[in-house]
Amino acid sequence: MAQFQFTRLTDRGAQRTHCLAEAMDAEDLPRQTWLFVSPHDDDLCIGAGLFMQAAIREGVTVQVLIVTDGCMGYCHLEDRDRIVEIRRQETYKSFDILGVPQDHVHYVGYPDGGLVPYIGRRKAQSGEDAIAGYIGLQNAFTYHLRRIRPARVYVPTHTDLHPDHRITHSELMISVFHAAGAIWPELGEPLEKPPSVGELAVYCDFVDLPNLEIVSDDEAFQIKLRSIAVYKSQVQIERLVESLRRAGPYEYVRESEFRLFTPDTYKPFFASHAAVNGGTPG
């Protein structure tokens with residue numbers, strides 16, 4: 001069985017363990033569902049191929065939501081008209097290697113490289129593939145969050161250069177808020193509370209330091225590399241795969257707090273600065 005080591009950074013320092021439940025401070029992992037949201041089909045095996053294996057090993061139900069259809073990912077002209085189906089078959093095989101069954105892999109199916117018109121939510125027009133009469137990323141994400149009801153959600157960081165990654169991140173974050181609210185009841189029963197959100201690095205660095213490191217043995221690392229190699233149609237990622245191979249079996253996650261604004265967060269800061277400078281209310 002593959003072995004993993006986890007190091008989590010907290011206010012109390014670094015905690016290192018071989019148990020993911022201990023690293024996540026979550027004894028109920030076997031009762032949790034995690035949703036990994038992927039702008040493109042090959043992003044997750046690159047940024048979380050080890051992390052998903054570790055989660056599955058400790059009993060987490062891993063669900064995957066792929067946002068785009070992959071239509072712009074052709075590297076040979078002869079593949080252009082059938083690249084969507086080619087990539088879909090590669091995707092199912094890749095996730096199967098990681099331990100995620102096909103019925104846990106879901107698609108939003110919006111155009112690869114064309115997410116701008118799908119920001120937000122609007123009424124569907126005739127012929128559009130709608131959910132409850134509406135289309136848009138916030139509509140789709142809210143629906144899937146309420147349907148899957150995950151305890152944790154993971155998505156590539158918004159610092160990635162690809163616009164699909166940036167849009168997916170921002171639309172998912174507001175949808176986490178929507179899914180736990182009373183808005184749009186036709187999309188399902190609201191969540192009791194927003195799920196925890198974590199960011200993954202795929203192409204670019206995190207905006208802040210990550211706080212969870214996952215290190216695996218060679219067995220799990222080779223599984224990850226095999227899951228990436230399945231995407232034979234994606235010739236352009238070969239250099240990235242070579243970089244991953246040289247770096248070894250390491251992945252990082254940045255846990256992100258979902259906090260609503262309250263003046264109480266900032267009042268002590270301004271009060272202390274005013275006191276130091278002798279300021280008093282006017």
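This is a predicted model: local features need pLDDT of at least 70, side-chain atom pairs count only at pLDDT 80 or more; totals for chains, interfaces and linings use all residues.
User: How many helices and strands does the protein have?

Analyst: The protein has 8 helices and 11 strands.

User: What makes the protein as compact as a globular protein of its length?

Analyst: The radius of gyration is 20 Å, close to the 19 Å that the globule rule gives for 282 residues, so the protein is as compact as a globular protein of that length. The radius is taken over C-alpha atoms, and the rule is 2.2 Å times the number of residues to the power 0.38. The C-alpha trace spans about 75 × 50 × 35 Å along its principal axes.

User: Why are W34 and F36 called a tilted pair?

Analyst: Rings of Phe, Tyr and Trp (its six-membered ring) pair if their centres lie within 6.5 Å; planes under 30 degrees apart count as stacked, over 60 as edge-to-face and the rest as tilted. By this rule there are 11 aromatic pairs. The ring centres of W34 and F36 are 6.5 Å apart and the planes stand at 45°, so the pair is tilted.

User: Why is the pair of W34 and F51 called tilted, and which parts does the pair tie together?

Analyst: With centres 5.4 Å apart and planes at 45°, the rings of W34 and F51 also meet the rule, so this pair is tilted. W34 lies in strand β3 (residues 33-38) and F51 in helix α2 (residues 43-57), so the pair ties together parts that are 17 residues apart in sequence. Ring pairs link W34, F36, F51 and Y154 into a cluster.

User: How do you know whether W34 and F36 are buried or exposed?

Analyst: Buried means under 20% relative accessible area, exposed over 50% and partly exposed in between, with a 1.4 Å probe and protein chains only. W34 has a relative accessible area of 0% and is therefore buried. F36 also has 0%, so F36 is buried. Of the 282 residues in the protein, buried residues make up 49%.

User: What makes a set of residues a nonpolar core, and which members of the largest one touch the most others?

Analyst: A nonpolar core is a set of buried Ala, Val, Leu, Ile, Met, Phe, Trp, Tyr and Cys residues joined through side-chain atoms within 4.5 Å. The largest has 43 residues, and L20, W34, F36, F51 and F95 touch the most other members. Helix α2 gives the largest share of this core, 9 residues. Apart from this core lies another of 23 residues, among them V67, I148, L191 and V197.

User: What is F36 in contact with, beyond its neighbours within four places in sequence?

Analyst: Contact means heavy atoms within 4.5 Å. With those neighbours left aside, the contacts of F36 include L44, A48, F51, Y154 and L200.

User: Why is H178 called buried, and what does H178 contact?

Analyst: H178 has a relative accessible area of 11%, under the limit for buried, so the term applies. H178 belongs to helix α5 (residues 163-179). Beyond neighbours within four places in sequence, H178 is in contact with Q138, T142, R146, I183 and W184.

User: Which charged end sits over the ring of W184?

Analyst: A charge sits over a ring if NZ of Lys or CZ of Arg is within 6 Å of the ring centre and within 35 degrees of the ring normal. The charged end of R121 sits over the ring of W184, 4.3 Å from its centre. Likewise, the charged end of R88 sits over the ring of Y107, 3.6 Å from its centre.

User: Are D25 and A132 exposed or partly exposed?

Analyst: D25 has 67% relative accessibility and therefore counts as exposed. A132 has 42%, so A132 counts as partly exposed. D25 is in the loop between α1 (20-24) and β3, and A132 in the loop between β6 (122-123) and β7 (134-135).

Definitions and conventions
Residues are numbered from 1 along each chain as its sequence is written. Side-chain values use heavy atoms; hydrogens and water are left out. Helices (H or I, at least four residues) and strands (E, at least two) are DSSP runs, numbered from the N terminus.
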